[in-house]
Amino acid sequence: MMAMSIHRYVLHNGRIREASEGGLFPGQLGLLAGWGVFSTLRVMDGTVFAWERHWERMSRDARLLNVAMPPDADAVEHDLLRLIDSNKAPDCTLRLVVVRNGGGLWEGPSSGRESDVIALTAGLKQWGSSVRLGVQPNARHAASDFTRAKMLSWAPNLRWFERAQEQGLDEVILLNEFGNVAECTSANIFAAIGDRVFTPPLSDGCLPGITREVLLEEVRVPGIEVRERSLTVEELEKADEVFITSTTRNLLKVREVAGRKLKGDDTVRERLSRAFQSYLENDIARRKRTPVVV
């Protein structure tokens, strides 16, 4: 598994500092228990894509997990732009984390802050042109309150991804307790059957990915319908096309599921991918015309 090396500077509670400089403390609850929320964002031309969507999802998850979010989204976005500028990284991946500091059974002396805000940038990962997926049964509990929250307790996802890499695969499909497809460890999944494209509903245990959300709500391609529907591994294997989506992957073709090679067609994904790229570029252009003021 190739790690993404973070850049020289990080953001910590509004301050830009060296990544090697100490700032967190051992008794910080969110670090001990994985209690916090995060999001991974795409930075293009020095601007953060779909910022409001990411902020809204983080805020929703934070309410569920009782994590105190910063009160001013514009101020946080301004800090992120400062970080991007400091790292001279106009085209990169950005990770924003809000760590809860108090509560639980183990905690250190209070820092006076309910939560810490941390942001890191790294280069864009090259995922290749297509991926091979394995299958992990019983990896998502669809009925849980917390399944759809993007929280810091991420070790199972990382280990499943690591196992897939050890087996010569690129990613793994996570199934819920009913045997239905939920998502991958860090990507949503779509299947094209003719001109209809399906992705599992949130009720099947997937995270509400931002790329997924944009494809469902914003991207329109004549003759192609994108909607939610439960999927099985067998349906993926028989589909005309399968692809996964994430902030760092956009729309990435799947060529194999559980050792079975899929059909070679890529027409629907390519058309959706072009439309998504156009949406991304328009969003970036709009944000550059209306810079953040705090």
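The lining of the largest pocket divides into 26 nonpolar, 16 polar and eight charged residues. In this count Ala, Val, Leu, Ile, Met, Phe, Trp, Tyr, Cys and Pro are nonpolar, Asp, Glu, Lys and Arg are charged, and the others, Gly among them, are polar.

Before I go on, some ground rules. This is a predicted model, in which local features need pLDDT of at least 70 and side-chain atom pairs count only at pLDDT 80 or more, while totals for chains, interfaces and linings use all residues. Residues are numbered from 1 along each chain as its sequence is written, and side-chain values use heavy atoms, with hydrogens and water left out.

Back to the pocket. A pocket here is an open set of points, on a 1 Å grid over the protein atoms alone, with protein on both sides within 12 Å along at least five of seven lines; a cavity is a set where a 1.4 Å probe fits but cannot get out, and lining residues have an atom within 4 Å of a point. Points are joined across faces, edges and corners, and a volume is the space filled by probe spheres set on them.

The largest pocket has a volume of about 1,300 Å³. Of its 50 lining residues, Phe38, Thr40, Arg95, Trp154 and Leu158 lie nearest its centre. Strand E5, residues 92-100, gives the largest share of that lining, five residues. Helices (H or I, at least four residues) and strands (E, at least two) are DSSP runs, numbered from the N terminus.

The second largest pocket holds about 310 Å³. It has 18 lining residues, and Lys125, Trp127, Thr248, Arg249 and Asn250 lie nearest its centre. Strand E14 (250-257) and helix H7 each supply at least two residues of this lining. By class, the lining has five nonpolar, eight polar and five charged residues.

Next, the cavity. The whole structure has one cavity of 30 Å³ or more, and about 50 Å³ of space lies in the largest cavity. Its lining includes Arg42, Phe49, His54, Ile210 and Asn250. Helices H5 (210-217) and H7 (267-289) each supply at least two of the lining residues.

His54 and Ile210 come up again where two helices meet. The axes of helix H2 (residues 51-65) and H5 come within 10 Å and cross at roughly 115°; axes are lines fitted to C-alpha atoms, for helices over the stretch in contact, and angles run from 0 to 180 degrees between N-to-C directions. Arg53, His54 and Arg57 of H2 make the contact with Ile210, Glu213, Val214 and Glu217 of H5, contact being heavy atoms within 4.5 Å. Four of the residues in this contact are charged, two nonpolar and one polar.

Now the sheet. What is the order of its six strands? It is an open sheet, E2-E1-E6-E5-E3-E4, with antiparallel pairing; two strands pair if DSSP finds at least two bridges between them. E2 and strand E4 (47-48) are the edges, each pairing on one side only. Strand E3 (residues 36-44) is joined to E5 by eight bridges, and valine 37 stands opposite valine 98 in E5.

At the other end, strands E1 (residues 9-12) and E2 (residues 15-18) pair over four bridges. Leucine 11 has isoleucine 16 of E2 as its bridge partner. Two residues lie between the strands of this hairpin, where asparagine 13 takes a positive phi near 50°.

Last, helix H3 (residues 73-86) lies across E1, E2, E3, E4, E5 and strand E6 (115-122), and runs at about 165° to E1.
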